[in-house]
Amino acid sequence: MIRFGLRLAVAGGREALVRFAVIAAAVALGTGLLLATISGVRALDAQFGRGGWLGAAPDPAAQGAPVVWASRSDFFAGDPIDRIDVGVPDTSEQTGAGLPGMPRLPRPGEYYVSPALHALIAAHPADQLGARFPGREAGIIADSALPSPDSLVAVVGRTPDEVAAIPGARKAAAISTEARAIPVAALDLVLSVVSGGLLFPVLIFIATATRLSATRREQRFAAMRLVGATPRQVATLAAVESAAAAILGTAAGFALFPALRAAMARYPFTGQRFFPGDLSPGWPAAALVALGVPLAAVVAARLAMRRVRISPLGVVRRTTPRPPRAWRLVPVLAGLAELAYFIGRTPHTSNGQVAAFLPGFLLVMAGLVIAGPWVTMAGARLLARRARRLPTLVAARRLADNPQAAFRSISGVVLGLFVVSVGTGVIGTLVAERGVRNGALSAVTMRQPFDRAGGHVPDDVLTRLRDTAGVTFALTVRDNPDNGPDNPSGVVACAELARIPQYGQCPPGAQVAQIWGNLTGYDRGRTGTGAATVWPASPLAPEGLATLPIGQLVLGLDGTAAAHERARTALELAFPDERVPPGTDVDFSTSSRNQLRQFQQLADVVMLFTLPIAGCSLAVSVAAGLSDRRRPFSLLRLTGVPLRALRGVVALESAVPLLAVAVLAALTGFAAAQLFLKAQMRYTLSPPGWPYYAMTAAGLALALAVIASTLPLLKRITGPETARNE
């Protein structure tokens, strides 16, 4: 039976070969994307795991002479730099065994850097970057210790006393290299929803492809039953036919995976690229995919043949399927209720939050597939009541007769629209709530915050900073003794503020003004508006400012990239023991901007993958439907129904459920996004902007274009010869 099943799969004529090739291609695409998704999750874990030591947390189990450690951050050209200062005693015999990627710990006057940072130091003048790391380069940090090829990391050797002077310095024999937990639960959740958003359309594509010419296959197997084939033999033939295509597709999917991995390695999903070696599914997962995909195809084939197994006449004596009931809306409502339950009950741990929200999103996605036929039937009945022409009436009756089959062709597009709606709602709200609105002045205003209770800025340092190329002014902002909840944090003499009028002015008659430490403000509603800003007066006298601690040292820049880095390097050399690095507000908002960019990139990935896959599923489904109905369509043409009317029937059969369920998917997506935002972040959903509507319209237009592209098949398959030969 196995040999006979293989002959049926590949030697059954052109139609059989096309069906076999389409199923194999669908399985190959699904297998490749499944391997890529598993590899992406493993690479994310590896990326965070490799950076476990960058926090410089002490390792309590380490033995040996104590070493002083201090972890700090820095910036270059808007990219963050991880820096660890190490104070090794002269008598220490430390080899660096507890520090990955380096043969030993750097001594005072030495430093190790990552390959990416080494390239930047070599490509730029020392006064812009290299001078921040005094001494000589002792070596390059190995890739095994870096989260990404783009990681900017430096380990700088200094004396123990110098490192101990840095706020937050710790003393331990070694630092911990344990993997860090992924810091943002939302990133876990979005990755999981993205995986589901990618895999659901792929699985639907595979299921749609396996049903290609399903009606003719059922008729063929039913004929075999009538001539004496047993149910077991028919089931074996169906399983062999599907397994052969699935095995070939799985092998092709594994062959496709290296190309997908290379593309993933070039794309910074998390703001930094993955190492290609990290993008591996692992042997257990690869074996599970290799065995599970063909097995799933066999199970699906046996289930698809259940009508033939029950009765060989079951295919011929067809009855109208039972109409879907309203209970199909229950899974969608249950998923939304699950998300709503956690409003005010959000778990505190990252894993707990993922476990709380992910089932709700997946239940809603599955619920949309379950509810789709009922929505299709409701749309068909509404269309039938308003039908005035033959194509509309026939399409409505056919949709109402079998809404499950009609929805199946557009389910991939609907799921893609749901995922894009969720991503747009969450990301758009995060941008509205967390997005940093840096003005023009923020980009050319660099500040050095002081960790201690007031920094000391010698006059010669101020002079040297003012003489730095690209620096337009240097100003010390003193701590405001009247620093209430609504008062600016600093004070400055009005005479000094008058020299930089672009930052605002004092009230008439005032000698000292209250002003924010960055000269522009931090929070929305408490931000200066530039030269028109009138800062509140302070009751302090100018001569009393010298007794107040310095909160921040502010530099004005000419706006060039070289001036930014020269000023930053000069500040770090002048104040080498400050934990918080110098930077502009744009620099300090890098983390927030990178996180939002990560979410946006993931949403783009879903859109770029989902719509083409859903389009392929739609094309295959419509083409399969035309192939299965070519005899009734041929008979209609013989009775005088024009070809244009038949094309209208096919178009309406796909367009009505597409548009009806698309509205449900979009509304459900925004509802799920609102519930998640309310529970996780206490935000209210922000209305989507025009890009979402443009993208949605483009996706629906693409789907309608796919439907239109299959209409020319009607003329070829509904000729008189079809009615005679069938």
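A residue counts as buried under 20% relative accessible area, exposed over 50% and partly exposed in between, using a 1.4 Å probe and protein chains only. This is a predicted model, in which local features need pLDDT of at least 70 and side-chain atom pairs count only at pLDDT 80 or more, while totals for chains, interfaces and linings use all residues. Residues are numbered from 1 along each chain as its sequence is written, and side-chain values use heavy atoms, with hydrogens and water left out.

The pLDDT, the predictor's confidence in each residue from 0 to 100, has a mean of 81 over the chain, and 79% of residues reach 70 or more. Helices (H or I, at least four residues) and strands (E, at least two) are DSSP runs numbered from the N terminus. Confidence is highest in helix α3 (residues 115-123), at a mean of 96, and lowest in helix α9 (residues 306-310), at 52.

D85 lies in strand β2 (residues 79-87). With a relative accessible area of 0%, D85 is buried. Its contacts (heavy atoms within 4.5 Å) include V68, W69, V156 and I166, leaving aside residues up to four places away in sequence. R72 also touches D85, and a polar contact of 3.0 Å joins the two side chains; such a contact is a pair of N or O atoms within 3.5 Å, where within protein one must be able to donate a hydrogen and the other to accept it, and residues adjacent in sequence count only if both atoms are side-chain atoms.
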